[in-house]
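Please look over the sequence and the model, then read the points below.

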Amino acid sequence: YPPETIKVCGNPNPPEDVPPPALTDWGELRSYSDIPKKGPLSESKAKELIRAYYAAVSYTDAQIGRVLDELDRLGLRDNTIIVLWGDHGWHLGEHGLWCKHTNFEVATRAPLIISPAGRRFAGVKTNGLAEFVDIYPTLCDLAGLPIPEGLEGTSLVPAMEHPDRPVQQAAFSQYPRKGLMGHSIRTDRYRYTEWAEPGKEPVGVELYDHQNDPGENVNIAGRPENKELVKELARKLHAGWREALPGKATPAERRRQ
C-alpha cells in the first residue's frame, strides 16, 4: 500500500451531542512507545497506522487462502462448512477514536462469511442483521442436526435461502465503561444505546439514524420528535433478543420504513 494512497477518515470528530461515556481514550493503542500518551494523533501517524491495518488485513487474507487451498488439495472442500468471522470492528480515527472498545457501528460491525459444504448458496449476500450467537444454530441447521433449546440465536440459513427476508429485527452489543455498562441495539435503520450503572437509570443515551447518518455523526436521542421512537427502542433493548425475531418491528419503526 503506497503511503501516498492512504487517506484519513472523513469524520474525525466526536458525534454531535454524544454522551461522554460513549467515547474512549483508546488506552490500548497508547501503550505503544511511539503513540502520544494524550491528545490526538498527527496525520502522518494516523496514515501510518491505517496503512499497517490494511497490510494486516491482506496478510490475514493470504493465510485464509492457504487454508482453503489445502482443503481443496485434500479433497475436503465439498464436505466442510467454513465460517469466517472477526470478533469486533476497529476504529481508524472515526470520531477521534482508535481500536475497539465502543458501541459505535464501526466497532460492533464485523465480518461474517459462511460457506456451507457443497458450495450451497455460493455468492449470496444479504443486508439482514446477524449476531455471532447465530453461528451455532446455523451450523446445526446446515449439518442437519437438531438445534438445542435455549440458544440465544437463530439459524441464518433462511437468510441464505432468501437474502431479502430478515431473520431478525435487531442485533445487540454491549461494552463497559468505568462502572457503567453500555447496551446497544441495532435495527435495520437505527442504533440505540444506553449507558447506565446496573439497575439504575441511564446517564447517557444515543440514537443514530443510519438512513440519514450512516457515520453516526449526530446523536438525535434528545430531539422531541424522536421521543416515542426512543421509548420503543428502549423497550426492545430491554426486552432482548426474543423481541427481535421476525414480525416484532415496533409501530414507530414501521412508520419510518
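A salt bridge is a side-chain nitrogen of Lys or Arg within 4 Å of a carboxyl oxygen of Asp or Glu. By that rule, Glu48 and Lys45 form a salt bridge, at 3.1 Å from N to O. The structure is a predicted model, with a mean pLDDT of 93 for the protein.

**Confidence**

- A pLDDT of 70 or more is reached by 95% of the residues.
- Residues 249-257 have a pLDDT below 50. This stretch still has 22 contacts in the model beyond near neighbours in sequence.
- Where pLDDT is low, the predicted coordinates should not be read in detail.

**Salt bridges**

- The structure holds 10 salt bridges.
- Side chains of opposite charge can pair when their charged atoms come close.
- Glu48 and Lys45 are three residues apart in helix α2, so about one helical turn separates them. Glu48 is partly exposed because its relative accessibility is 44%, whereas Lys45, at 13%, is buried.
- Lys200 and Glu197 meet in another salt bridge, at 3.3 Å from N to O. Lys200 counts as exposed, with a relative accessibility of 54%, while Glu197 is partly exposed at 37%.
- A network of salt bridges links Glu105, Arg186, Arg191 and Glu216.

**Around Arg30**

- Arg30 has a salt bridge to Asp25, in which the closest N and O atoms are 3.1 Å apart.
- The charged end of Arg30 also sits over the ring of Trp26, 3.6 Å from the ring's centre.
- Arg30 is buried, with 7% relative accessibility, whereas Asp25 is partly exposed, with a relative accessible area of 46%.

**Aromatic pairs**

- Two aromatic pairs turn up in a search of the whole structure.
- One is formed by Tyr1 and Tyr54, whose ring centres are 5.5 Å apart; their planes meet at 55°, so the pair is tilted. Tyr1 lies in the segment before α1 (27-30) and Tyr54 in helix α2 (residues 43-74), so that distant parts of the chain, 53 residues apart, are linked.
- Tyr1 is partly exposed at 48% relative accessibility, and Tyr54 is partly exposed at 33%.
- The rings of Phe104 and Tyr208 have centres 6.1 Å apart and planes at 55°, so this pair is tilted. Phe104 is in the loop between β3 (98-99) and α3 (105-108), and Tyr208 is in strand β8 (residues 204-209); the pair therefore ties together parts 104 residues apart in sequence.
- Phe104 and Tyr208 are both buried.

**Nonpolar cores**

- In soluble globular proteins, nonpolar side chains tend to be buried together.
- The largest nonpolar core has 17 residues. Trp26, Leu29, Leu41, Trp98 and Phe104 have the most contacts inside this core.
- Leaving aside neighbours within four places in sequence, Trp98 is in contact with several residues, among them Trp26, Leu29, Leu41, Ala46 and Ile50.
- Another core, of 13 residues, lies apart from the largest one and includes Ile220, Leu233, Ala234 and Ala244.

**Helix α4**

- Ile135, Pro137, Thr138, Cys140 and Leu142 are buried in helix α4 (residues 135-143).
- The cover over the buried residues of α4 includes β1 (82-85), β4 (112-115) and α5 (157-161).
- Gly144 follows α4 and has a positive phi, near 75°.

- Most residues other than glycine have a negative phi, and most peptide bonds are trans.
- His95 is not a glycine, yet has a positive phi of about 60°. The loop between β2 (91-92) and β3 holds His95, which is buried with a relative accessible area of 4%.
- Cys99 also has a positive phi, near 75°, in a residue other than glycine. Cys99 belongs to strand β3 and counts as buried at 2% relative accessibility.

Technical notes
Residues are numbered from 1 along each chain as its sequence is written. This is a predicted model: local features need pLDDT of at least 70, side-chain atom pairs count only at pLDDT 80 or more; totals for chains, interfaces and linings use all residues. Side-chain values use heavy atoms; hydrogens and water are left out. pLDDT is the predictor's confidence in each residue, from 0 to 100. Contact means heavy atoms within 4.5 Å. Rings of Phe, Tyr and Trp (its six-membered ring) pair if their centres lie within 6.5 Å; planes under 30 degrees apart count as stacked, over 60 as edge-to-face and the rest as tilted. Helices (H or I, at least four residues) and strands (E, at least two) are DSSP runs, numbered from the N terminus. Buried means under 20% relative accessible area, exposed over 50%, partly exposed in between (1.4 Å probe, protein chains only). A charge sits over a ring if NZ of Lys or CZ of Arg is within 6 Å of the ring centre and within 35 degrees of the ring normal. A nonpolar core is a set of buried Ala, Val, Leu, Ile, Met, Phe, Trp, Tyr and Cys residues joined through side-chain atoms within 4.5 Å.
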